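Biologist: I'm new to reading structures, and I'd like to know where the labels come from. Could you go through a few with me?

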Amino acid sequence: MRHVIALDVGGTGMKAALVGADGALLHRARRATGREHGPDAVVAGVLDFAAELRAHGAEHLGEPAAAAGVAVPGIVDETRGVAVYAANLGWRDVPLRDLLGAELGIPVALGHDVRTGGLAEGRVGAGRGADRFLFVALGTGIAGAIGVGGRVEAGAHGSAGEIGHVVVRPGGTPCPCGQRGCLERFASAAAVGEAWARACGDPEADAADCAKAVASGDPNAVRVWQQAVDALADGLVTALTLLDPRTLVIGGGLAEAGETLFTPLRNAVRQRITFQKLPEIVPAALGDAAGCLGAGLLAWDLLEATDRTEVTR
């Protein structure tokens, strides 16, 4: 059976699948990233995991994978297939596409984890059917993916969609990027968790605890939460003004709060827009499988392009 390898490399774990032409997950696997052993060991682990997946396909599906797609964090040069920088993996300028291609002997596509997850949400998840969508992941940081016509825009230099570094509070909290007042310093899951820990006096408290306190009516939690929602709405309205998406898909840890987030967020965005068209604002549908599913889509896209090239020769 014809299939591709899909691999989502995270800071602590790797998720993988063998994906059929119809999107069916024919085999799924997980493995620790092993970053505690250093960046070279992580690369070796990725190559070994990919080889294991190829062998499984050959044995159980009658043939080896026809292509592979890999999603990685950090700064990614998708055109050259290079993982330029990933702080949580210790990577700098790793030619991962070429390394995997040499290991597997098949075409390999390399993508940015959030953009790859956004691709999956846009094609087969919450944004399905929308010709233009914006996917925003609210996790430790905030990142986005700009979807147009079933594809995700990487930008001229591979950094399109970095909405977390839109300044929403000029002169505010310093950000590791070098600016002050970036959106992710106020509205990421990490930022909400830090603010709630200070407000409630519990250093172990996180964003999920804050959401629970909001649902129970705690006024301090409501204040912390609303400040985050207001900052997020300011950033999103900037994005809506520039991109005019039909659907806005919100994912990541903070989105797990459900309507505790979405009801005030929809209201805040609605209050801020003037001439802009209000998009449908919906929760992501694919959860932590989005990156792996998106990697599979990258692989099938690459295979389709390769097949077309061979036909026209």
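Biologist: Where does Asp244 lie?

Modeller: Asp244 is in the loop between α7 (219-243) and β12 (247-251). Helices (H or I, at least four residues) and strands (E, at least two) are DSSP runs, numbered from the N terminus. Before we go on: this is a predicted model, where local features need pLDDT of at least 70 and side-chain atom pairs count only at pLDDT 80 or more, while totals for chains, interfaces and linings use all residues. Residues are numbered from 1 along each chain as its sequence is written, and side-chain values use heavy atoms, with hydrogens and water left out.

Biologist: Why is Asp244 called partly exposed?

Modeller: Its relative accessible area is 47%. Buried means under 20%, exposed over 50%, and partly exposed is in between (1.4 Å probe, protein chains only).

Biologist: What makes the phi of Asp244 worth a look?

Modeller: Asp244 has a positive phi of about 50 degrees, yet it is not a glycine. Most residues other than glycine have a negative phi. Asp93 also has a positive phi of about 50 degrees without being a glycine, and Asp93 sits in strand β7 (residues 91-94).

Biologist: Why does Gly111 count as buried?

Modeller: Gly111 has 1% relative accessibility, which is under the 20% cut-off, so buried it is. Gly111 is part of strand β8. Leaving out residues up to four places away in sequence, Gly111 touches Val70, Ala71, Val72, Val76, Glu78, Thr116 and Leu298, where contact means heavy atoms within 4.5 Å.

Biologist: How do you know that α3 is largely enclosed?

Modeller: Nine of its twelve residues are buried, so the rest of the structure largely encloses α3. Among them are Val114, Arg115, Thr116 and Leu119.

Biologist: And what makes the span of α3 agree with expectation?

Modeller: The expected span of a helix is 1.5 Å times one less than its number of residues. For the twelve residues of α3 (residues 113-124) that should be 16 Å, and the end C-alpha atoms are 16 Å apart, so the two agree.

Biologist: Why is α1 called oblique to α2?

Modeller: The axes of α1 and helix α2 (residues 96-104) come within 10 Å and cross at roughly 40 degrees. That angle makes α1 oblique to α2: under 35 degrees counts as roughly parallel, over 145 as roughly antiparallel, 65 to 115 as roughly perpendicular and the rest as oblique. Axes here are lines fitted to C-alpha atoms, for helices over the stretch in contact, and angles run from 0 to 180 degrees between N-to-C directions. Residues making the contact include Val43 and Leu47 of α1 and Leu99 and Leu100 of α2.

Biologist: How do you know that β9 and β10 pair?

Modeller: Two strands pair if DSSP finds at least two bridges between them. Seven bridges join β9 to strand β10 (residues 142-148), so they pass, and they run antiparallel. A hairpin of three residues links β9 to β10, and Leu134 stands opposite Ile146 in β10. β9 also pairs with β12, in the parallel sense, over five bridges.

Biologist: Which strands form the open sheet, and in what order?

Modeller: Five strands make that open sheet, ordered β3-β2-β1-β4-β8, with mixed pairing. Its edge strands are β3 (25-32) and β8 (108-112), each pairing on one side only. β4 (residues 68-72) runs parallel to β8, joined by five bridges, and Gly69 stands opposite Ala109 in β8.
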